[in-house]
Amino acid sequence: MEKLQEQLDIPFSKSKADVWKGIEARVDAAPLVRKINLSASPVFRFAMAASIVFVLGVAGVIRFYSVTRQAFPGHHQLVDLPDGSTVHLNAASSLSYHPYWWRFSRDVSFEGEGYFEVEKGSRFQVNSERGTTTVMGTSFDIYSRDAEYRVACLTGKVRVADRASKAEVIITPNQKAILTEQGTFNVQKNVDLTNETAWVHKKLIFTSKPLNRVFEEIERQYGVKILGKEKYKRNYTGNFDRDLGADEVLGFVCKTMGIKFEQKSTNVYQLRN
Amino acid sequence: MELTFRPLTKHEFKQLFDRHFDAIRNYIYYRSGDAELSTDIAQDVFLRLWEKQTEYRERENVGLLYKMAADEFISRYRRQQVELGYLKSLSFKLHDVPPDEELQYKELQQKYEAALADLSDKQRVVFLMSRSDGLKYHEIAERLGVSVKAVEKRMKYALDFLKLKLNVR
């Protein structure tokens, strides 16, 4: 068998040399250097796809990463924004912003009451549920709770707009814009704004305010619950230092208005006539 | 994006061709039993390797040639099977045989060809690559993309089968 194998040839009709001649003709015709199209290679495509996903991911984080700062009932909170602007949050207020997107747009979402001191620069916008306040660099106070929305301007110029009706006003120092239920603005001029921002300096100032609102403010400032407050609508005027305790402030208010109250537990008070 | 590097020179390509053309053509012949088809496919894969303009790395280049040849054979074989049905036989021609022994050789040759055709595809390829082309087991394994163990096994079965069929030794 071994011997037979040595004697066997495959009956190819074309010799190796003939085949080479055919190939050589083609080889000489083809250019020696070829441009390789990298974009067709699967590795390159994968790398492309991966880098696009990565860039989108990073951009997404930069754009949408947000920080929320909150002042809980009974506490104030001072928030420093990336450009040095500050927001003093009154009790039970919250603010959120996009720290990495800050250099492109100074937008914050805000609910509650806050005193803003904005560094000069590009447009600074505060979005709340009912209204939008836009400034370039100034200081102002926003009150946005439940259906109420009002803005007081301390320095600079502030543009206030209703989110629904798109009505807007521009207010200058010592003016105050109050959003009405109809979606229009009521601008008060020459307002003494020390009352409006008194809370920043730990003062509680009530100027002919309905009693139920006064009790709500006390609840927020001290983080307490006051039961049976809803029926009191009479107006009340008075000043307090926030360093006083909740029971002392409540005592002053109730005494002058002829209301009795008792402490039910640590943070709960009950009003009665 | 573009990138240039030094591709296979004509000289290197010729060298590859000289060293491996026969083995690759034989390989397809062992699988197909069709001399024309084998020449065709072997020429084709060499041209395709040239057109790829890869770098000169003999082991990789040869591996690629075998792979392309096998793939090409399978795709043509499938087509052909649909068209005509595949003719499964191998034939060889004798050379340098002393005239007095010619008849004896002819007889043996016929048995041998029939026996080879009866072997399985894989066993026949391994057997012939080893015996006719003189390739070492590890070379066969590398070119077919199987383990050396598998080559040894196929070889053993092929030898047992042929001995039985040819009544030799």
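Visitor: Through how many residues does the hairpin join S19(A) to S20(A)?

Guide: The hairpin leads from S19(A) to S20(A) through two residues, where strands (E, at least two residues) and helices (H or I, at least four) are DSSP runs, numbered from the N terminus. This is a predicted model, in which local features need pLDDT of at least 70, side-chain atom pairs count only at pLDDT 80 or more, and totals for chains, interfaces and linings use all residues. Residues are numbered from 1 along each chain as its sequence is written, chains are lettered from A and ligands numbered from 1 in the order in which they are written, and side-chain values use heavy atoms, with hydrogens and water left out.

Visitor: In which sense does S19(A) pair with S20(A), parallel or antiparallel?

Guide: Two strands pair if DSSP finds at least two bridges between them. Strand S19 (residues 260-265) of chain A pairs with S20(A) in the antiparallel sense, over five bridges, and A:Ser265 has A:Val268 in S20(A) as its bridge partner.

Visitor: Is A:Arg150 buried or exposed?

Guide: Buried means under 20% relative accessible area, exposed over 50%, and partly exposed in between, with a 1.4 Å probe and protein chains only. A:Arg150 counts as buried because its relative accessibility is 15%, whereas A:Glu148, at 25%, counts as partly exposed.

Visitor: Which helices hold B:Asp40 and B:Arg76?

Guide: B:Asp40 and B:Arg76 form a salt bridge whose closest N and O atoms are 2.9 Å apart. B:Asp40 lies in helix H2 (residues 35-52) of chain B and B:Arg76 in helix H3 (residues 58-83) of chain B, so the pair ties together parts that are 36 residues apart in sequence. B:Asp40 is partly exposed at 41%, while B:Arg76 is buried at 18%.

Visitor: Where do B:Asp118 and B:Lys165 lie?

Guide: The side chains of B:Asp118 and B:Lys165 meet in a salt bridge (3.2 Å, N to O). B:Asp118 is in helix H4 (residues 102-118) of chain B and B:Lys165 in helix H7 (residues 148-166) of chain B, so that the pair links distant parts of the chain, 47 residues apart.

Definitions and conventions:
A salt bridge is a side-chain nitrogen of Lys or Arg within 4 Å of a carboxyl oxygen of Asp or Glu.
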